[in-house]
Amino acid sequence: MSAIALILLLLAATAGLRLIADRAHIPLPTLLVIGGLCLALIPGLPQVTLDPHAIFLIFIPPLLFWAAINSSLRDLVRNLRSITLLAVVMVVATTFIVAYAAHALLPQLPLAVCFVLGAIVSPPDAVAVTASTRQLSLPRTTLVILEGESLMNDATALVAYQLALAAAVSGRFSAAAAGVELVLTGAGGILIGLIAGYALGWLRKRIPPSGVVENTLSLLSPFVAYVPADAAHCSGVLAVVAMGLYLGRAGPRVVSAATRLQAVAMWEMLTFWLEGLIFIFVGLQLPQVVRALAPSEIAHLTWVALAVVAAMIGIRMTLIFPGAYVPRLIEARFGDTKPSYPPVRNILFGGWAGIRGGDSLVIALALPFTVAGGAPLAGRNAVIFITFVVILVTLVVQGLTLAPVIRLLGVVGDNEEEREEHKARRASIAAASEAIERYIARTGKEPVSAPELRAAAARELKRLRNPPRRPPEDLAMRLEVIAAQREAVITLRDRDEISDTVMRRLQIELDHEELVLRQRFE
């Protein structure tokens, strides 16, 4: 089987698993990792040898970039203390605990390699958490903290991973030098990312409007930040995150509507493919790892992986409560304002939601095969095997229990986002009314459509001030009307009374109207 045929087969498998997950109401990441394991057991599949550097470069920058560009900088800043504690302190603590636990259980494994393992499995994957809880109602603050943790903890864990890997490969490590390098690489990566983001924003303002060209630049953006930062021995991960946050803030005034719609569809497909392929690639790699291990090693490493999972859950549950409440207690003691304390049930859920996912798999696969001098990297197969078992256990056990835990704890969502959307809609309609009057005052002419636009704005403002109840049959009727319009247009095309181009143009308008309706009603 050729490489291209294999990739096409894997993409088809990913799409099929998505359909099964939607139909069976199973969290997609959980099903993907199970599918990857089943794929590994199919006899006759070709062996796939993946270049670690290529895997890292292909998967990490795009996934981080899209997560960063869709994050809310305001919400991240509001919850910066909680996110920093989870993304930095929790990751570092987990790395140390896992490293020493693994070294105690596998004394033949060098401590530096154990730290590599700790850095690989230390960051939870909020993509897996949000995908597993997409159909559930969660407080907005909880989601923001989990997503912000995932965004930042990847950077912390990858810096720790690079430092530990350098020690494992070279055999030399200095705590003081590592601390200095952590600060320098982090600051340098952020600076390079901001410069690259500003340069891309400047360029996109000056090139002729073209959705295809602009979205090509969008696809290249994460690499524009990552590659120079990595070449400068800075954190490419932080560079991508910094660029994504900058462009996410500046982009709405730079990117056209058509380009933005095209970009969203393009990036959603790309991230779906990348996230799905991560798990399946590990399934293809797993037989090679297992063949390199004796049966007794597999059994022992499985127990080690289970102990690592227990250590990760234990340290997260131990630290998440003081991390949430101690800063607020200090603030209440010495501050001028009384802080608000998050509900215990939300903290418990946040502790249980430490699911590991695709990022850890990519980092594990990126481990080099040799150390300085050409000798094999000790424990590489063991680290990959333990990582896979850790992800399998957390995704299956914790992933499938997230919904029951939410119901058991009584975690409920809030309507903060709904209130903000209502406020934004009112401001938008009010701005439209003012724009109509400014145009008439500036030109001295009143277009024929002005009364109609005034009336439409007034109706929308009235609706927003006194929102009517929307029964399900209201949405059903309006969707049926759109379906009838769409069918009428297609029928005209079938009779050759209009061209396919005209049909597609009207079809896009109807598609957008249907999308807006579904978002508003559902």
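The model is a predicted one, so local features are taken only where pLDDT is at least 70, side-chain atom pairs count only at pLDDT 80 or more, and totals for chains, interfaces and linings use all residues. Residues are numbered from 1 along each chain as its sequence is written, and side-chain values use heavy atoms, with hydrogens and water left out.

We can start with helix α5 (residues 80-105) and helix α8 (residues 140-170), whose axes come within 8 Å and cross at roughly 40 degrees. Helices and strands here are DSSP runs numbered from the N terminus (H or I, at least four residues, for helices; E, at least two, for strands). The axes are lines fitted to C-alpha atoms, for helices over the stretch in contact, and the angles between N-to-C directions run from 0 to 180 degrees. The two helices, α5 and α8, are therefore oblique to each other; on this scale, angles under 35 degrees are roughly parallel, over 145 roughly antiparallel, 65 to 115 roughly perpendicular, and the rest oblique. The crossing of α5 with α8 is right-handed, a label used when the near helix is turned clockwise from the far one by less than a right angle, with anticlockwise giving left-handed. On the α5 side, the residues that meet α8 are Ser 82, Ile 83, Leu 86, Ala 87, Val 88, Val 91 and Val 92. Their partners in α8 are Val 144, Ile 145, Gly 148, Glu 149, Met 152, Asn 153, Thr 156 and Ala 157. Sorted by class, the residues of this contact of α5 with α8 come to ten nonpolar, four polar and one charged. In that sorting, Ala, Val, Leu, Ile, Met, Phe, Trp, Tyr, Cys and Pro are nonpolar, Asp, Glu, Lys and Arg are charged, and the others, Gly among them, are polar.

Ser 82, one of the α5 residues in that contact, is buried, with a relative accessible area of 15%. The scale calls a residue buried under 20% relative accessible area, exposed over 50% and partly exposed in between (1.4 Å probe, protein chains only). Not counting residues up to four places away in sequence, Ser 82 touches Ile 145 and Arg 328, where contact means heavy atoms within 4.5 Å.

Helix α8 also packs against helix α11 (residues 236-250), with axes that come within 9 Å and cross at roughly 160 degrees. That makes α8 roughly antiparallel to α11, and α8 passes α11 in a left-handed crossing. Here Leu 151, Met 152, Asp 154, Ala 155 and Leu 158 of α8 meet Val 237, Leu 238, Val 241 and Leu 245 of α11. The residues of the contact of α8 with α11 divide into eight nonpolar, no polar and one charged.

A further partner for α5 is α13: the two pack at an angle of about 150 degrees, with their axes 9 Å apart. This crossing of α5 with α13 is right-handed, and by class the contact has 16 nonpolar, four polar and four charged residues. Helix α13 (residues 295-334) is also where Arg 316 lies. Arg 316 counts as buried, at 4% relative accessibility. Leaving aside its neighbours within four places in sequence, Arg 316 is in contact with Leu 86, Met 90, Pro 124, Leu 146, Glu 149, Gly 350, Gly 351 and Gly 354. Of these, Gly 351 is 35 residues from Arg 316 in sequence and 5.9 Å away in space, C-alpha to C-alpha.

Two glycines come next. Gly 399, in helix α16 (residues 380-409), is buried, with a relative accessible area of 2%. Gly 413 is found in the loop between α16 and α17 (416-443), and at 30% relative accessibility it counts as partly exposed. Apart from neighbours within four places in sequence, Gly 413 is in contact with Ser 137, Leu 138 and Pro 139.

Turning to the backbone, His 233 has a phi near 60 degrees, a positive value in a residue other than glycine. His 233 sits in the loop between α10 (211-231) and α11 and is exposed, with a relative accessible area of 67%. Asp 496, in the loop between α19 (472-494) and α20 (500-521), likewise has a positive phi, near 65 degrees, and counts as exposed at 68% relative accessibility.

Finally, the structure holds seven aromatic pairs, a pair being rings of Phe, Tyr and Trp (its six-membered ring) with centres within 6.5 Å. Phe 65, Trp 66 and Trp 267 form one aromatic cluster.

Technical notes: Phe/Tyr/Trp six-rings, centres within 6.5 Å; stacked < 30°, edge-to-face > 60°.
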